[in-house]
Amino acid sequence: MLFRSSPVTWTASCRRVEGAQESTIAKELVTLRAALKLAVRAGLWLGNPAAVLPVGFSAEYRPRSRFLTRDELQRLLAVLDPNGAAMVALDAATGAVAWKGGNDIAAYAAPMLATIDGTRQVVNFMADAVVGFDANTGTVLWRHPLKTAFARHVMTPLVLGSRVIVGSHQTGLIGLGISRTGNDWAVKEKWVSREAAPNFSCPVAVGGRVYGLGPQRDVVCLDAQSGAVRWTKPGLLTTPPDKAHAGFVVVGDRTILMLTDGGELVLFAADGAGYRELGRAQICGSNWCNPALVDGRLYLRDGIRNAGSWWCVEL
């Protein structure tokens with residue numbers, strides 16, 4: 001290990017002086033996001049906080065309280081309400097808004113930049129849909145509805161040619177075919193795999209195959225075009241299935257690194273014929289980390305939730 005940071009404690013700076021815990025703020029945000037989503041669906045959100053959360057509000061915010069002031073709630077809802085800005089592009093040099101577009105509510109997934117049918121796009125897994133935005137203008141090119149409880153969409157979309165792959169614990173892993181006729185875009189569901197349904201891990205793609213963590217905490221390999229499962233490997237993770245996580249990193253075009261939630265780093269072959277392990281080492285403790293590999297060094301966060309350390313490990 002090359003270095004290890006001091007323990008990291010995540011706090012909300014705006015609450016630090018009042019001593020509030022980050023978990024309190026996080027719970028409020030989750031509650032507000034879910035409430036706003038339901039209110040929008042039901043046509044109840046008209047800018048009135050009481051229509052979303054019909055509860056009493058304290059005159060002043062109190063640390064560990066479950067309620068925000070009306071002004072704070074208004075500000076939070078203004079951020080959560082997309083209002084034509086589901087995706088926003090900023091100028092890297094100045095921070096000026098280059099474009100904004102869409103009316104979907106954001107989920108937890110990271111956007112993916114890709115070229116589909118000759119058009120540069122930003123593909124994002126939003127709270128209620130997978131959406132393709134024109135990368136130059138922010139115009140919504142196509143949208144495919146996908147709704148799950150609490151909008152828990154975490155997986156970063158995979159884009160392989162005209163195939164977009166997304167999924168959640170409720171929908172399963174889904175392969176979408178994106179096509180264009182003139183200026184009109186179309187989306188067709190090509191396949192669904194329940195065996196490879198991701199929870200909050202993000203699978204990777206290499207050699208026309210997808211590798212990820214299935215709902216039974218087993219590593220799964222499937223064909224990206226057909227969705228057919230090629231193989232599964234149980235026993236690499238021992239965490240309960242609903243809390244199991246693994247971070248995957250493609251190394252070259254033949255191998256994959258997997259960091260388990262128990263801190264074990266496993267190297268296996270990107271082989272559709274079956275699971276073939278090439279090595280393993282215990283490098284950290286419990287984590288829900290998606291590590292980054294740069295020039296032979298693996299950067300990761302050891303620890304879960306409020307406390308932990310940043311680590312750099314030379315491989």
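## Around His-245: a friendly walk

Trainee: Where is His-245 found?

Mentor: Happy to start there! This is a predicted model, in which local features need pLDDT of at least 70, side-chain atom pairs count only at pLDDT 80 or more, and totals for chains, interfaces and linings use all residues. Residues are numbered from 1 along each chain as its sequence is written, and side-chain values use heavy atoms, leaving out hydrogens and water. Strands are DSSP runs of E, at least two residues, numbered from the N terminus; His-245 is in the loop between strand S15 (229-233) and strand S16 (246-251).

Trainee: Is His-245 buried or exposed?

Mentor: Buried means under 20% relative accessible area, exposed over 50%, and partly exposed in between (1.4 Å probe, protein chains only). His-245 has 1% relative accessibility, so the residue counts as buried.

Trainee: Which residues does His-245 touch, not counting those up to four places away in sequence?

Mentor: Contact means heavy atoms within 4.5 Å. Leaving out residues up to four places away in sequence, the list for His-245 includes Leu-237, Phe-200 and Trp-288.

Trainee: What kind of aromatic pair do Phe-200 and Trp-288 form?

Mentor: Rings of Phe, Tyr and Trp (its six-membered ring) pair if their centres lie within 6.5 Å; planes under 30 degrees apart count as stacked, over 60 as edge-to-face and the rest as tilted. Phe-200 and Trp-288 are 5.0 Å apart centre to centre, with 75 degrees between the planes, and that makes the pair edge-to-face.

Trainee: How many residues apart are Phe-200 and Trp-288?

Mentor: Phe-200 is in the loop between strand S11 (184-193) and S12, while Trp-288 is in the loop between strand S19 (277-282) and strand S20 (292-294). The pair links distant parts of the chain, 88 residues apart.

Conventions: Helix = DSSP H or I, 4+ residues; strand = E, 2+ residues; numbered from the N terminus.
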